[in-house]
Structures are given as structure tokens and as C-alpha cells.
Amino acid sequence: MENTLVDMTSKIIDLTDDEKQGIIEAFPIKTFAKDAFLLKEGQISKDSFIVIKGCIRKYYLHDGEEITSEFYTESQTADNIDSLANQKPSKCYLTCCEDTTVAIMNSEKEKAMYKKFPRFKELCLVEMEKVIGTKQEELLVFKNSSPKERYLNLLKERPDLINRVPQYQLASYLGIKPETLSRIRKRISISG
């Protein structure tokens, strides 16, 4: 049986047939329509979502304004670790920017998988460390960059987002106003 999550995991480690079947049984694949909410503010998160195809936006509200903190695309994991790990109400939303197919990683099923296949726990820890390291580096670059540098970095590192998400969400993600993003894009197109 073909399973995209099995294929993704097989690129990292060799899987036994039992492990492949365990992944298929534990982590269902589901498609959500554009604008579907996977998590809302106030809910306690029980799941993480590995994006197989599509895009998920993480945002929170500040004085009634949506502030985008992340976009998750193919092979990335969308979650609210604080809510998931500490079982406290989420302060953010996870919503689909387009029709999105995900593998649903339920925390209870994940713990059962670790018991049945102990090496998965080590694999997940290693992958989590990589993600944390990458996020720390991205935050450092972000904090020390001008708006123009942030946009140029986005063009370099995540060019797919430019045509996948609305410009006002990109502006929020870059920590700027939509009109500032328009001016930056115009200057770059004139000088480039």
C-alpha cells in the first residue's frame, strides 16, 4: 500500500514492513479544504500535521489584527507545541491557505508508536533538534534584517510562498505593512 508519510520517512531511515504498517495505521492522511481550521485560539491541541501537499498558516490575533508567524508547506510539521506539550489553550490558529493534505500525528498514537517502535522516538528527537536549530537561525536573521532584507531572504529561501498566499499575509509574516511590501517589491523590480 502506497503512503506518502511512509515514503517521506523512508527517505530518512530504512523501515521494516511492520514499521510501515504502524505508520499507516497510526497517522491517517486527510485532505482539508482551503480556509479550514486545524486549530483555533482557545482549543487544546491534540495533533500535529505533516504537510504532504498544500500550505498551512499559523497566526494569532493582536488588537484584532491577524499576525502571521509561520507558513508550513510540503514536508513541514504544523503544530502548536506549547498547547500540545503543556495541554493548555492555544493562543494561535492553524488554517489551510489552500486545499491541504496532511498526515495527522495524534500525540496519544505517537506515544504508542514510540513504545512499539523505540527507534522512532530517537528519529523524532533528531528531526525536532534540526527544526529547532533552523528556527533559531531564522529568528536571528529575521531580527537583524531590514524589511527589504527579509523580503529578499523570503525570495531566496521560500519563493513558493510569493504566489501561494495573499500579499497581506506575507507582509504580516515579514513584520511589515502591506503598503511597505508593495514599495519594496516595486523598488526591487525597478532595480533588478
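## Charges over rings

A charge is said to sit over a ring if NZ of Lys or CZ of Arg is within 6 Å of the ring centre and within 35 degrees of the ring normal. In this predicted model, in which local features need pLDDT of at least 70, side-chain atom pairs count only at pLDDT 80 or more, and totals for chains, interfaces and linings use all residues, the charged end of Lys40 sits over the ring of Phe37, 5.0 Å from its centre. Arg57 lies over the face of Tyr59, where the distance to the ring centre is 4.0 Å. Residues are numbered from 1 along each chain as its sequence is written, and side-chain values use heavy atoms, with hydrogens and water left out.

## Aromatic pairs

Rings of Phe, Tyr and Trp (its six-membered ring) pair if their centres lie within 6.5 Å, and planes under 30 degrees apart count as stacked, over 60 as edge-to-face and the rest as tilted. The structure holds 4 aromatic pairs. The ring centres of Phe117 and Phe120 are 5.5 Å apart and their planes meet at 55°, so this pair is tilted. Both of these residues, Phe117 and Phe120, are buried, where buried means under 20% relative accessible area, exposed means over 50%, and partly exposed lies in between (1.4 Å probe, protein chains only). Elsewhere, ring pairs link Phe37, Tyr59 and Tyr93 into a cluster.

## The open sheet

Helices (H or I, at least four residues) and strands (E, at least two) are DSSP runs, numbered from the N terminus, and two strands pair if DSSP finds at least two bridges between them. Here 4 strands form an open sheet in the order β1-β8-β3-β6, with antiparallel pairing. Its edge strands are β1 (29–32) and β6 (77–78), each of which pairs on one side only. Strands β3 (residues 47–53) and β8 (residues 100–106) run antiparallel and are joined by 6 bridges; Asp47 stands opposite Asn106 in β8.

## Two nonpolar cores

A nonpolar core is a set of buried Ala, Val, Leu, Ile, Met, Phe, Trp, Tyr and Cys residues joined through side-chain atoms within 4.5 Å. The largest one has 18 residues, and those with the most contacts inside it are Leu5, Leu15, Ile23, Phe27, Ile50, Met113 and Phe120. At least two residues of this core come from each of α1 (4–10), α2 (17–26), β3, β8, α4 (107–116) and α5 (118–143). A second, separate core of 16 residues includes Phe71, Tyr151, Ile162 and Leu170.

Leu170 is also among the buried residues of α8. This helix (residues 167–174) is mostly covered, as 6 of its 8 residues are buried, and just after α8, Gly175 takes a positive phi of about 75°.

Ser90 is placed in the loop between α3 (81–86) and β7 (93–96), and Ser90 counts as buried because its relative accessibility is 3%. Its side chain meets that of Asn80 in a polar contact of 2.8 Å, meaning a pair of N or O atoms within 3.5 Å; within protein, one must be able to donate a hydrogen and the other to accept it, and residues adjacent in sequence count only if both atoms are side-chain atoms. The side chain of Ser90 also reaches the backbone oxygen of Cys92 at 2.8 Å.

Most residues other than glycine have a negative phi. Asp35, in the loop between β1 and β2 (37–39), has a positive phi near 75°, and Asp35 counts as exposed because its relative accessibility is 55%. Asp63, in the loop between β4 (56–62) and β5 (65–72), has a positive phi of about 55°.
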